[in-house]
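Here are some notes to read alongside the structure. Keep the 3D view open and turn it as you go through the points.

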Amino acid sequence: MKKLLAILLCAAIVMGLAGCGSFEDVLASAIDYAESNTAQYNKILEDAGIVHASPVFGDNIFSYASVDEEGNVFCADYVCKIDVVTSWAETSYIPVEGYTEDQIWELKRALRVELDYLDLLACCSMRFNRAGNYLKVTCVFTDVNKEENYDAIYKAGLSSENATISMKASEDILLADGCVKK
């Protein structure tokens with residue numbers, strides 16, 4: 001089930017998130033984020049026929065997208081204050097054109113089993129729905145700058161440090177994994 005493995009990109013990217021340490025360290029350092037490539041970001045979505053809207057809201061939103069060789073589209077949207085991530089969402093669009101309703105149901109069931117541990121986090125909610133020729137899987141993480149939530153994310157093995165999550169470190173990981181910044 002290659003499509004199932006593709007959606008696990010979601011979890012692989014999350015697992016690489018790095019903490020940013022103390023808030024004082026963040027304030028004391030200059031942060032150089034990557035340049036946006038909005039045209040390429042939009043092209044990924046347009047070529048797939050996807051209209052993606054960020055499921056998280058705030059003043060400073062960073063958005064990224066990628067597509068793999070099987071047509072799976074991955075979108076990540078982050079809200080941050082200074083360099084501290086306050087919430088983020090990961091949305092995977094899995095092509096299901098030509099699938100029967102039973103095959104889609106089975107894919108959804110398998111994904112729920114694989115990603116069930118995320119639903120156990122109080123700061124995470126998951127949604128599954130159809131979007132055209134895609135099964136859309138969205139994981140939304142909220143209030144991740146609060147100690148109880150970044151502690152839970154760390155204990156679940158989704159962050160390399162028991163600290164707030166750095167937007168810069170997250171961006172570096174996303175770009176290294178082939179995502180394009182909006």
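1. Let's begin with a pair of residues in a helix. Glu-106 and Arg-109 lie three residues apart in helix α5, which means that about one helical turn separates them. Their side chains meet in a salt bridge, with N and O 2.6 Å apart. How exposed are these two? Glu-106 has a relative accessibility of 29%, so this residue counts as partly exposed. Arg-109 is partly exposed as well, with a relative accessible area of 37%. Please keep in mind throughout that this is a predicted model.

2. Now compare another pair in a helix. Lys-155 and Asp-151 are four residues apart in helix α6 (residues 147-155), so they too are separated by about one helical turn. They form a salt bridge in which the closest N and O atoms are 3.0 Å apart. Lys-155 counts as exposed because its relative accessibility is 64%, and the cut-off for exposed is over 50%.

3. A further salt bridge joins the side chains of Lys-146 and Asp-143, at 3.9 Å from N to O. A salt bridge needs the nitrogen within 4 Å of the carboxyl oxygen, so this pair meets the cut-off. Lys-146 is partly exposed, at 40% relative accessibility, and Asp-143 is also partly exposed, at 37%. How many salt bridges does the structure hold? There are seven.

4. Next, look for the sheet. Six strands make up an open sheet, and they run in the order β5-β6-β4-β3-β2-β8 with antiparallel pairing. Which strands are at the edges? They are β5 (124-131) and β8 (180-181), each of which pairs on one side only.

5. Strand β5 pairs with β6 (residues 134-141) in the antiparallel sense, over eight bridges. Ala-131, for example, has Tyr-134 in β6 as its bridge partner. The helix from the opening point comes back here: α5 (residues 101-119) packs on the sheet and touches β4 (84-95), β5 and β6. The direction of α5 makes about 165° with that of β5.

6. Here is a residue worth a second look. Glu-90 is found in strand β4. This residue is buried yet has no salt bridge. Where is the nearest side chain of opposite charge? It belongs to Arg-127, 13 Å away. What Glu-90 does have is a polar contact between its side chain and that of Trp-88, at 3.1 Å.

7. Is Lys-181 buried or exposed? Its relative accessibility is 7%, so Lys-181 counts as buried. The side chain of Lys-181 makes a polar contact with the side chain of Glu-171 at 2.8 Å. The side chain of Lys-181 also reaches the backbone oxygen of Ala-34, at 2.8 Å. Leaving aside residues up to four places away in sequence, Lys-181 touches a number of others, including Tyr-33, Tyr-41, Phe-62, Tyr-64 and Leu-175.

Notes. Residues numbered from 1 in each chain as written. Predicted model: local features only at pLDDT ≥ 70, side-chain atom pairs only at ≥ 80, totals over all residues. Heavy atoms only, no water. Pairing = 2+ DSSP bridges. Helix = DSSP H or I, 4+ residues; strand = E, 2+ residues; numbered from the N terminus. Contact = heavy atoms within 4.5 Å. Axes fitted to C-alpha atoms, helices over the stretch in contact; angles between N-to-C directions. Buried < 20%, exposed > 50% of the residue type's maximum accessible area, 1.4 Å probe, protein only. Lys, Arg positive; Asp, Glu negative; His and termini not counted. Polar contact = N/O pair within 3.5 Å; in protein donor to acceptor, adjacent residues only side chain to side chain.
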